Amino acid sequence: MSLICSLSNEVPEQPVLSPVSGCIYEKRLIIKYLREASNDPITGQPLTEEQLIDVKVTPLGKPKPPSATSIPAILKTLQDEWDACMLHSFTLRQQLQTARQELSHVMYQHDAACRVIARLNKEVTAAREALATLKPQAGITQPTATQYANDQSMTTGYHGTADGSQTGANAAEGMNEEIIQKLQDKASVLTQLRKQRGKHVPEGLTTIDEMKTFRCSATHTALHSASNPGILALDISSKNPSIILTGGNDRQAVVFNRDSEQVVATLKGHQKKVTHVIHHFEEDIAITASADSSIRVWHTPSAQCLKVLKAHDSPITGLSLHPTGDYVLSSASDSYWALSDLRTGKLITKNQDTSSQKGLTCAKFHPDGIIFGVGTQESVIKIWDLKECNNVADFPGHSGSINSIAFSENGYYLATAAEDASIKLWDLRKLKNFKTITLEDRYEIRDLVFDQSGMYLGVAGTDVRVYQAKQWDLIKVFNDHTALATGIRFGANANYIASSSIDRSLKFYEQLTQE
């Protein structure tokens, strides 16, 4: 009697008996089964390999099939096996080719999907930056008509319409005795105050050693549009040093609160890029100038345009606020400079530099407000007397267009920069150049500024750097911007520095506290 395996239904080579169910199994099959499930496959009762009982039987040779009893039959069997092997190999090659085509298609789809995802990520990033610019303004309650009327009444002297209409913009009224006397009285007061301040260093002023430890403490890139990037102008409010005013390539000016890190107002109205901005030192007033040849006066809490000053017919190249806070000086690429009344919006005087054939590049009031300087494309800085409207001094020496000028707070020094990669210091008492700072080859300078104490000179251009006044030694260099720096300003007592750049970022530098 032959034994039959209960699993394979074939005669087992090594039969074993299960004491649990009494069934015969092929030893190798039941061992494999028990490794996966520790029970009898027939009854399901627990069963281990040690419980299996070997059954000893006489080994039987497997009979040859009838077809393999002769040499021709064996050859035919081998031929059939070979043909089956070749057919199977051909099938595998077909499947491999199909798998390769499918893989190539999937990889192409994956590559296309990656490109689409990258484009969508870029669009999402741009949208988030735009939303970050707009979101802070969503919390700004638009003033009612009554509130705005009250704001208008608070800014006494602004008699223009709320839509910023122009009032007598092109008709110069001239320098009358009242204006001249007002300028002279203010100059006398400022001169006396400056002499008193010059006797001692301001309390709380950042020391040179502290300035050397300044590092970038904050970066803001969502103030202006990402579609037309670049911040071109920068100013800090003297009344509230946490208020920053910027102007950009996107034709907008932005009022930013450094403490809350929020956009306070976005000033929209210019038709071209905003190239110069000034924050009034006593009032919530912003003044912006643009390549569209207009100057706008804004009420920052309501983001409303109070005045549009149309003193020029070409792009504005310079802007400066008189120490009285009532008059604004502007220069243009048509070689004209103009003085406008900030309160009435009227043009007081407009004069042309007849000796300049290529136009003016910048303009800045002296701290006393009696004289001012303008830079020209012909490498000359010209000093004008405001009362007489006369050119009283020329400072030649640069090569290339003048990019920026700055008067020191003590009124003795004038710093100038041009496209010749140099900064020249001039003594206004002796009317001569006493120091030239030569920078690296191809170094570009876009902005110069003295701090309120006159102790430090800030430079913005290829990098941001600070010099010590009087000794004119380099104190600190900041290389945090990824593009040309366009503006630099000092906070109160030089306790922090702000800089703007073409890379669309506004950066702050200060002494970081060690935790």
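A residue is called buried under 20% relative accessible area, exposed over 50%, and partly exposed in between (1.4 Å probe, protein chains only). This is a predicted model, in which local features need pLDDT of at least 70, side-chain atom pairs count only at pLDDT 80 or more, and totals for chains, interfaces and linings use all residues. Residues are numbered from 1 along each chain as its sequence is written, and side-chain values use heavy atoms, with hydrogens and water left out.

**Salt bridges**

- A salt bridge here is a side-chain nitrogen of Lys or Arg within 4 Å of a carboxyl oxygen of Asp or Glu; the count comes to 17.
- Glutamate 510 and arginine 258 form one of them, at 3.0 Å from N to O.
- Arginine 258 is buried, with a relative accessible area of 17%, whereas glutamate 510 is partly exposed at 23%.
- Aspartate 326 forms a salt bridge with lysine 182, with the closest N and O atoms 2.3 Å apart.
- Aspartate 326 also bridges to arginine 343, where the closest N and O atoms are 2.8 Å apart.
- Salt bridges with shared partners join Lys182, Glu283, Asp326 and Arg343 into one network.

**Strands**

- Strands (E, at least two residues) and helices (H or I, at least four) are DSSP runs numbered from the N terminus; two strands pair if DSSP finds at least two bridges between them.
- Strand 5 (residues 231-236) has six of its six residues buried.
- Strand 5 pairs with strand 6 (residues 243-248) in the antiparallel sense over five bridges, and a hairpin of six residues joins strand 5 to strand 6.
- Alanine 233 stands opposite glycine 247 in strand 6.
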